[in-house]
Amino acid sequence: MLAEDIRNSGIDFADLNQLKCDLNRLQPVDVGDYITQLPTQQRAIAFRLLNKNQATDVFEYLPPEVQEELINSLHDLQVVQIVETMSPDDRAELFDELPAKVVKRLLQELSSEQRQATATILGYPEGTAGRVMTTEYVRLRQGLTVGAALSKMRLQDRDKETIYYAYVTDDNRKLVSVVSLRQLLFTFPDVLIGDIASDRVVKVRTETPQEEVARLMQRYDLIALPVVDREERLVGIITIDDVVDILQEEATEDIQKLAGVGDGDEAALSPPLVTIKKRLPWLLGIMFLYIGASSAIAPFQSTIAMVPVLAVIMPLFSNTGGTVGIQALTVTIRGLGVGEVTPKDTLKILRKELMAGMGTALTLGLTMICLSLIWAPPQERWVSLVAGCVMATNTLVAVTLGTLLPMGLKRLKLDPALMSGPLVTTMLDAIGFMIFLTLISTALHIFQLKS
C-alpha cells in the first residue's frame, strides 16, 4: 500500500491499530511523504505509531521544518535514540537546520563516537566534500587476506553506509588502494588484499566543492567516493544518494538564479513570507535595471512622436532579443554545470553560437522587415529596413552576451548562474533600443536636411 492509498482508504486516527500496521509496512520515503502532508497536530501521533527502526528511517526523509517540529514534540529520550542512529552526514544536515541551543543539547546526549563524527563533518565549510561525506565506511589494513577481510566486514561493518567498496589504508590511515565487494567475494580466501586491490583510486579532498564531487562520480560511474584530508588520510566517503541530493540542489539553485527567483532555498510550498523575502530583492533590482533601459528611450521621445509605428515595433526587440540571449545563456550555463565545457572553450562555443546566430539573425531580420511593412503606413515603410538590420544585429549581440557573460563569471571563479535571464534581457533591451532609435533619429535628420 502506498502513501496515496492510505490517504484515500478512509482510514482515520480513530483506527490507530490499522494505521500503525499500514505505516510500518510502507517504504520509509512514502511514510515521510504521508506524515508531511498531515495536519500539524496529527504528525507527532502518526510518527509515534512507527516502530524504532522504521521511525529512524522515516525521520531522514522528512523536511527540515517537520523534523524540527517532531523534535520539539517528542520526549528527549525518543529524539536522542533517533538522532543517535542517523548516519553522520544526515545528522549534520539536520543540525544545520535546527536552532543552536537544540543542537547543543542533542550533541551532549550523543555517544562520544557519534558526537565526534558529527562535529568533524560540521567543522567543514558548507558546499564542500567534507560537509556532505559520511564517516561510516569499510576500512581494511594492508597485509590482510581476503578471508580475514570478509570476516572483519561481517563482524564490524554491518552498520556502515555502504560495503560495496572497501578502502585499504596504511598504519597512518593514508589511503593506499580500493577493493570492491565483488572482488572479495570471487577471490580465494588466502589471497592478499594487496594483490587484488587497485591503487588507481579516484578521490577528493575535504575542501573540494560538492559540484566537482558530483561530476567525478558521474564521470567514473562510482557509487561511493573516498574523501581524504591534506595529509592524504582517509576521513570519509560520499555515497551516490548524497550525490543525487547535490545534483538536485545545484540544479534547483541554478534554475532559480537564472529566472531571478533567489538563492535556491525557495520551494513550491514555501510560506508566503519566504516567497516575498526571496523574490522581492530580485524584482526591485530588475525594476531599477529596467529604469536604466527606459532611460535609453527617454532622449528619443520626440522621434517616437514623429514615427508612431516605433511604439508597435520596439516591443519585438525586447521579447525576441531577450529570448535569444536566454537561450544562449541557458545552454552555456548548463554546459559549465555538467562539466561539458570550461572557460578554455569560450572561443569555440562563441564561434558555434555566432554561426548559428547568423542564420537566426537573417531569418528574424527578414521577418521584422515583413512585419514592419505590414504595420507601417506608406510614408514610414523605410523604418522596416532599419528595424530588420537592428533585429539581426541585436540577435548577434544576444548570443555573444549569452556566451561570454557566464564564461567570464566562471573564469572569475563565480557562479555563472548569477547572470540571470532578466539581467541579460534588460541589457539587450537597452542596447537594441539605443541602436534602433539612434539610427531612426539619424535618418529623420537626413530627410529633414534634404527637404
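Predicted model: local features only at pLDDT ≥ 70, side-chain atom pairs only at ≥ 80, totals over all residues.
Let's start with the cores. In soluble globular proteins, nonpolar side chains tend to be buried together. Here, the largest nonpolar core has 32 residues. Which of them touch the most other members? They are Leu23, Ile35, Phe47, Phe59 and Phe95. The top contributor is α9, with four residues.

Set aside residues up to four places away in sequence. Phe95 then touches Val83, Val103, Leu106, Leu107, Leu110, Thr118 and Leu122.

Thr118 brings us to helix α10, residues 112-122. Its buried residues are Gln114, Ala117, Thr118 and Ile121. They cover an arc of only 95° around the axis, so they sit on the same side of α10. What do they pack against? The partners are α7 (76-85), α8 (88-97), α9 (100-109) and α11 (129-132).

Now the single residue, Leu354. Look for it in helix α20, residues 346-375. Is Leu354 buried or partly exposed? Its relative accessible area is 27%, so Leu354 counts as partly exposed. Neighbours within four places in sequence aside, Leu354 is in contact with Leu396, Val399 and Thr400. One distance to finish. Leu354 and Glu65 are 289 residues apart in sequence. In space, they are 48 Å apart, C-alpha to C-alpha.

Definitions and conventions:
Residues numbered from 1 in each chain as written. Heavy atoms only, no water. Buried < 20%, exposed > 50% of the residue type's maximum accessible area, 1.4 Å probe, protein only. Helix = DSSP H or I, 4+ residues; strand = E, 2+ residues; numbered from the N terminus. Arc of directions from axis to C-beta. Contact = heavy atoms within 4.5 Å. Core = buried A, V, L, I, M, F, W, Y, C linked by side-chain atoms within 4.5 Å.
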